Amino acid sequence: MTDDDDLYYLFSIHDVNRDGYLDGHELREAFIDDEFGDSEGLKLEEIVEMIDHVLLEDDMNNDGKISWEEYLLSQSYHQV
């Protein structure tokens, strides 16, 4: 598997409704998914701030959702 395949897998498992986008609800679930990160102890306000930050930074067309293309682009500048 390539790095893009790994990213697509992560994107697709959080795209619960299979519409090709990550909306705020799906982002929330991704942030609180204990399998992929330690969200224990996060308050709702903190999760909302994280979602708002992601949408502000990565939602290039301001439609309130992250498309696969936007997600892939965001990963290229978020990786260390």
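Mentor: The chain has four helices and two strands, and you're looking at a predicted model. Along the sequence they run α-β-α-α-β-α.

Trainee: Okay. What share of the 80 residues is buried?

Mentor: Buried residues account for 29% of them. As for the accessible surface, that comes to about 5700 Å², with 53% of that belonging to carbon and sulfur atoms.

Trainee: Let's pick a residue. Why is aspartate 5 called partly exposed?

Mentor: Its relative accessible area is 39%. Buried means under 20% and exposed means over 50%, with partly exposed in between, so at 39% aspartate 5 counts as partly exposed. You'll find aspartate 5 in helix H1, residues 3-14.

Trainee: Which residues form the negative surface patch?

Mentor: Asp3, Asp4, Asp5 and Asp6 do.

Trainee: What makes these residues negative?

Mentor: Asp counts as negative, and the four of them are Asp.

Trainee: And aspartate 33, why is that one partly exposed?

Mentor: The relative accessible area of aspartate 33 is 23%. Since buried means under 20%, aspartate 33 at 23% falls in the partly exposed range. Aspartate 33 sits in the loop between helix H2 (24-32) and helix H3 (44-58).

Trainee: Are the two partners buried or partly exposed?

Mentor: Glutamate 29 is partly exposed, with a relative accessible area of 38%. Arginine 28 is partly exposed too, at 29%.

Trainee: Now aspartate 59. Why does aspartate 59 have no salt bridge?

Mentor: Side chains of opposite charge can pair when their charged atoms come close. For aspartate 59, the nearest side chain of opposite charge is lysine 65, 8.7 Å away. A salt bridge needs a nitrogen and an oxygen within 4 Å, and aspartate 59 has none. Even so, aspartate 59 is buried.

Trainee: Where is aspartate 59, and what does it touch?

Mentor: Aspartate 59 is in the loop between H3 and strand E2 (66-67). Leaving out residues up to four places away in sequence, aspartate 59 touches Val54, Gly64, Lys65, Ile66 and Glu70.

Technical notes. Residues numbered from 1 in each chain as written. Predicted model: local features only at pLDDT ≥ 70, side-chain atom pairs only at ≥ 80, totals over all residues. Heavy atoms only, no water. Patch = residues over 30% accessible without salt bridge, like charges linked within 9 Å, V, L, I, M, F, W, Y side chains within 5 Å. Areas by Shrake-Rupley, 256 points an atom, 1.4 Å probe, with all protein chains shown as cover. Charge placed at Lys NZ, Arg CZ, Asp CG, Glu CD. Buried < 20%, exposed > 50% of the residue type's maximum accessible area, 1.4 Å probe, protein only. Contact = heavy atoms within 4.5 Å.
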